[in-house]
Amino acid sequence: MITVHHLNNSRSQRILWMLEELGLPYEVKRYQRKPSMQAPDELRKVHPLGKSPVITDGDKVLAESGAILEYLSETYGGGRFTPALGTPERLNYTYFMHYAEGSLMPLLFMKLVFGMLPARVPFLMRPVARAIAGGADKTLLMPQIGNHFMFLEGELMRREWFAGAEFTAADIQMSFPLEAATARSPMINKMPKLKGFLDRIHARPAYKRALEKGGVYELAK
């Protein structure tokens with residue numbers, strides 16, 4: 001039995017979705033974020049970094065969304081959700097499995113951190129903090145995020161899914177940063193291909209079942 005150590009409002013929602021797509025039995029062990037939005041200390045008993053997602057499968061303990069998705073696909077997928085080696089689709093698949101957390105999420109995380117900064121400093125320092133956060137958002141973060149959105153919109157003009165014509169684990173991996181982007185920037189709603197992608201994944205029965213299993217799923221703005 002696979003156990004998903006599931007932190008609320010987190011990347012581990014992707015793992016529940018993948019398991020539902022595969023039709024695998026699994027157990028959900030729930031963890032709640034602290035008021036600081038950090039993961040609780042109990043997760044360190046599962047993995048030294050105390051992060052989520054983490055799964056246990058027999059004697060295996062595996063962390064990192066992309067690694068977990070690839071493990072599940074390769075171990076239980078029977079050829080589903082991973083394009084064949086040596087194909088253009090496999091190259092796209094590999095790229096977006098790494099791009100989601102390596103390129104896009106760091107920018108969105110920085111936007112979240114700068115957005116929270118004014119409320120986290122002493123009252124008298126808040127005007128300065130707001131000026132710094134606003135300047136970083138306007139001159140650094142939004143131009144880069146906008147560039148990424150244009151890139152992704154262009155990719156989905158060429159094919160229906162991120163790897164190719166078929167839905168793959170790369171689409172599951174890309175779901176979290178795009179959902180986070182929707183929460184933190186209205187720009188994405190003006191891009192029909194990206195909005196269409198989100199509409200398609202949200203309509204998948206396995207996605208809906210994963211939401212029922214995972215509970216409330218709200219991303220910080």
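**Exercise 1.** Determine how helices α1 and α2 pack against each other and which residues form their contact.

*Solution.* Step 1: helix α1 (residues 12-22) packs on helix α2 (residues 65-76) at an angle of about 10°, and their axes lie 10 Å apart. Helices are DSSP runs of H or I with at least four residues, strands runs of E with at least two, numbered from the N terminus. Axes are lines fitted to C-alpha atoms, for helices over the stretch in contact, with angles from 0 to 180 degrees between N-to-C directions.

Step 2: α1 is therefore roughly parallel to α2 (angles under 35 degrees).

Step 3: α1 contributes R14, I15, M18, L19 and L22, and α2 contributes S65, I68, L69, L72, S73 and Y76 (contact: heavy atoms within 4.5 Å).

The model is predicted: local features need pLDDT of at least 70, side-chain atom pairs count only at pLDDT 80 or more, and totals for chains, interfaces and linings use all residues. Residues are numbered from 1 along each chain as its sequence is written, and side-chain values use heavy atoms, leaving out hydrogens and water.

**Exercise 2.** Describe the surroundings of strand β3 (residues 54-57).

*Solution.* Step 1: β3 pairs antiparallel with strand β1 (residues 2-7) over four bridges, and H5 stands opposite V54. Pairing requires at least two DSSP bridges between two strands.

Step 2: four bridges also join β3 to the antiparallel strand β4 (residues 60-63), where A63 stands opposite V54.

Step 3: two residues separate β3 and β4 in their hairpin, in which G58 takes a positive phi near 65°.

Step 4: V54 and T56 on one side of β3, and I55 and D57 on the other, are all buried (under 20% relative accessible area, 1.4 Å probe, protein chains only).

Note on methods. Angles under 35 degrees count as roughly parallel, over 145 as roughly antiparallel, 65 to 115 as roughly perpendicular and the rest as oblique. Buried means under 20% relative accessible area, exposed over 50%, partly exposed in between (1.4 Å probe, protein chains only).
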